[in-house]
Amino acid sequence: MKRSFIREILEAIDEETISFAGGLPSLNLFPTQDLKEATIKVLDNPKIYQYTVSNGINELREQIAKRYSDEGFPTTKDNILITTGSQQAMYILAKFFENKDITIEEPSYLGAMNIFRLNKLKMQGVKLENDGVNISEFEKSFKNTKLTYLIPDFQNPSATTYSQEKREEITKIVEKHDGILIEDSPYSELFFDKKMPYISAKLPKNSFHLGSFSKTLVPSYRIGWIRADEEKIKSLLIIKESIDLHSSGVSQYILAEYLKDTQKYEKHLQSIRDDYKAKAEYFSKQLKLIMPEFKHQLPKGGMFLYGTFGDNIDTFALVQECLKKKVVYVPGNQFYIDKVPNGEIRFNYTHSNFEQIEKGIKLIKSCL
Ligand code: PMP
């Protein structure tokens, strides 16, 4: 195994470097005042400092369950396991499915691929198209693996959003082969126009649905969750409690307090969507103006913009030059099972301001 390129980059760069690399939320959008008020309300209660239950505090699991139910995916707190970020959710699942074969999208989330490697899952990649995985390739692979990991909303890294048709095709294939879908949804709330239904909602017995507060509120609380049927949650709990006993009680109590005011949370989500939409459009416009040879699609939500120069450019070599000029991105080859250099790039557009976006693209163009 090797370290994640993104984690290494985060450590290597200084304050002056314009970073389009990590999936960092915008600093200006953290609801610091509201979180401070929620914190003050729970701060004097000694139970927030105590060891707590492994599956997560009732108040938080109930609020998460209610959001699913309100969206037409009936859920109770017993379907929810709180995890230390959705990164841990994936780790727990990888332990659960240790040594198995798994069908994944290519390109896919680097952090998931490393967890699968660590737990000796054998990954089979299926090509992502503009509206989701290639369905016939997917079925061919899934027939054998009976297990898949997908990110259907504003995928990391490609920003791909699955069409309604492909969501239905995936549902049919998972049912037909009686397999398992792991649906990772950290970006689903960050839609620019509309929210798509979760595939898992049609597969309540055959799915694990992963969520997180990292992109919608703050990543530093390290709170995510798994939604699954009760029996599966009980099995996963055995793994969870042996990893870290429980996720931070302080984080959970603050979150549960903050989430009591659902209108406030909704307003906050809308402000992120508006801000990110404007930034995505600006990023795309600047790319077309400054570096038109980089072909890309405008994302429909999330935090990333993905595209390619074509195969005659090696973006892994290019990023070494960019680092010297103090601008970074993630080369596309990092998101493939075999990291063969290619002309693709993932840009994060949420962390930088408009001025940095324009300046950063100009710097990359000068290295090109
Ligand atoms: N899944 C995907 C697709 C992600 O992009 C990330 C974070 N970049 C995670 C899971 C992990 O997020 P967290 O542990 O902060 O919830």
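The model is predicted, so to speak of local features we need pLDDT of at least 70, side-chain atom pairs count only at pLDDT 80 or more, and totals for chains, interfaces and linings use all residues. Residues are numbered from 1 along each chain as its sequence is written.

Where they meet, 24 residues of domain 1 are in contact with 24 of domain 2; contact means C-beta atoms, placed from the backbone, within 7 Å. On the domain 1 side, α10 (262-290) and β11 (304-308) each give two or more residues. Helices here are DSSP runs of H or I with at least four residues, strands are E runs with at least two, and both are numbered from the N terminus. The largest share, six residues, comes from α10.

Next, the ligand. Which residues are closest to it? They are Gly-85, Ser-86, Gln-87, Ser-212 and Ser-214, in a shell of 14. A residue counts as near if its C-beta atom, placed from the backbone, lies within 6 Å. Helix α4 (residues 85-96) supplies three shell residues, the largest share.

Last, contacts of one residue. Leu-255 touches Leu-60, Phe-213, Tyr-221 and Ile-223, leaving out residues up to four places away in sequence.

Definitions and conventions. Contact = placed C-beta atoms within 7 Å.
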